[in-house]
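This report walks through one protein model for a reader who is new to structures. Please keep the sequence and the three-dimensional view open while reading.

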Amino acid sequence: MTTVEAIALVLRDDQFISHVTAARLWGAPLPGPFDDELVHVSSMGVAPVMRRPQVAPHRSRSQGFEVDHVRGIPVSPPARAWFECASLVGETDLVVLGDYFVGPSALATTDALRAAIVPGSRSARKARSALDRVRCGVESPMETRFRLGVIDAGFPEPDVNVDVVDEAGVFLGRADLAWPQHRIALEYDGDHHRERRTFQHDQRRSNGFVVNGWIVIHATAADAGRPAVLVERLRQAFAQRRIEQVRRARRDARTSTLA
């Protein structure tokens, strides 16, 4: 029996698992420091807070929400758990959590996240700022982190999980992050990409992109911690596209003059 399950056995009817513990039960990706056995428990209204070892007690004064259940354990609903996490994690991690909840998991919507923000609370400003950067369709925490990283480095915001086709409309693959108008793609290669079959598939897909005029830049977890090289590769890619655009404009101008 896990610590959460043991604590759940002694919860009162007006208590529930909350904050990062609830987010973890919903399957959300949490930063390392919160992957522990400390269980966050909220008590409703004037109910006594839980005072036990390995429990982080909270009091919920919010009204108008129903507690959900995961494996029979009463927990904060997904959107509420996201907002509760705003008091414990940084803004980037909160965007990661938001992308998860509104992504393929379909546990919440951006409207639900917005509705969960408690006006006037100490975490409201951080939550609203994070929500502005939450996007649907993101499939992994690293996609979120790289998306935010390239935006913060001054690049235009990329689209997420873009279907790429050739001129005949034949599907070539999906790009994790992409600037379709520039035909630039950024692919995150996690550890599973090292497997032989995955590696071969990635190479075929990447080749298909390249022969159809795309610039494909590959990133790994190491680039997240030391992004300078990745940023420079992106800068070169955008510079190349600008040069190509100028050349096309000059060529079109000459053709127009000759006509």
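## A buried threonine

Leaving aside residues up to four places away in sequence, Thr-21 touches Val-4, Leu-38, Val-39 and His-40, where a contact means heavy atoms within 4.5 Å. Thr-21 has its place in helix α2, which covers residues 19-25; helices here are DSSP runs of H or I with at least four residues, strands are runs of E with at least two, and both are numbered from the N terminus. With a relative accessibility of 0%, Thr-21 counts as buried, a word that stands for under 20% relative accessible area, while exposed stands for over 50% and partly exposed for what lies in between (1.4 Å probe, protein chains only). The side chain of Thr-21 also reaches the backbone nitrogen of His-40, at 2.9 Å.

## What kind of model this is

The model is predicted, so local features need a pLDDT of at least 70 and side-chain atom pairs count only at pLDDT 80 or more, whereas totals for chains, interfaces and linings use all residues. Residues are numbered from 1 along each chain as its sequence is written, and side-chain values use heavy atoms, with hydrogens and water left out.

The predictor's confidence in each residue is called pLDDT and runs from 0 to 100. For the protein chain the mean pLDDT is 90, and 93% of the residues reach 70 or more. Over residues 192-196, however, the pLDDT is below 50, and this stretch has five contacts in the model beyond near neighbours in sequence. Where pLDDT is low, the predicted coordinates should not be read in detail.

## Cysteines and a covered helix

How many disulfides does the structure hold? The number is zero, with a disulfide taken as a pair of cysteine sulfur atoms within 2.5 Å. Cys-85 is in no disulfide, and the nearest cysteine sulfur, which belongs to Cys-136, is 18 Å away. Cys-85 counts as buried at 0% relative accessibility, whereas Cys-136 counts as partly exposed at 48%.

Cys-85 is one of the buried residues of helix α3, among them also Arg-80, Trp-82 and Glu-84. This helix, residues 78-85, is mostly covered, since eight of its eight residues are buried.

## Salt bridges

Side chains of opposite charge can pair when their charged atoms come close. A salt bridge is counted when a side-chain nitrogen of Lys or Arg lies within 4 Å of a carboxyl oxygen of Asp or Glu, and by this rule the count comes to 12.

One of them joins Arg-114 to Asp-111, with the closest N and O atoms 3.2 Å apart; both residues lie in helix α5 (residues 110-116), three residues apart, or about one turn of the helix. Arg-114 is partly exposed at 46%, while Asp-111 is exposed at 55%. In helix α10 (residues 228-258), Arg-241 and Glu-244 are likewise three residues apart, about one helical turn, and their side chains meet in a salt bridge of 2.9 Å, N to O. Of these two, Arg-241 counts as buried at 12%, and Glu-244 as partly exposed at 25%. Salt bridges that share partners also join Asp-99, Arg-135, Arg-147 and Glu-157 into one network.

Glu-139 and Arg-174 form another salt bridge, at 3.0 Å from N to O. Because Glu-139 lies in the loop between α6 (124-131) and α7 (141-152) and Arg-174 in strand β7 (residues 171-179), the pair ties together parts that are 35 residues apart in sequence.

## Aromatic pairs

The structure holds five aromatic pairs. Rings of Phe, Tyr and Trp (its six-membered ring) pair if their centres lie within 6.5 Å, and planes under 30 degrees apart count as stacked, over 60 as edge-to-face and the rest as tilted. Tyr-100 and Phe-101 form an edge-to-face pair, 5.4 Å from centre to centre with 65° between the planes; Tyr-100 is partly exposed at 23%, but Phe-101 is buried at 0%.

The rings of Trp-179 and Phe-238 are edge-to-face as well, because their centres are 5.4 Å apart and their planes stand at 85°. This pair links distant parts of the chain, Trp-179 in strand β7 and Phe-238 in helix α10, 59 residues apart. Both Trp-179 and Phe-238 are buried, and together with Phe-155 they form one aromatic cluster.

Notes: A polar contact is a pair of N or O atoms within 3.5 Å; within protein, one must be able to donate a hydrogen and the other to accept it, and residues adjacent in sequence count only if both atoms are side-chain atoms.
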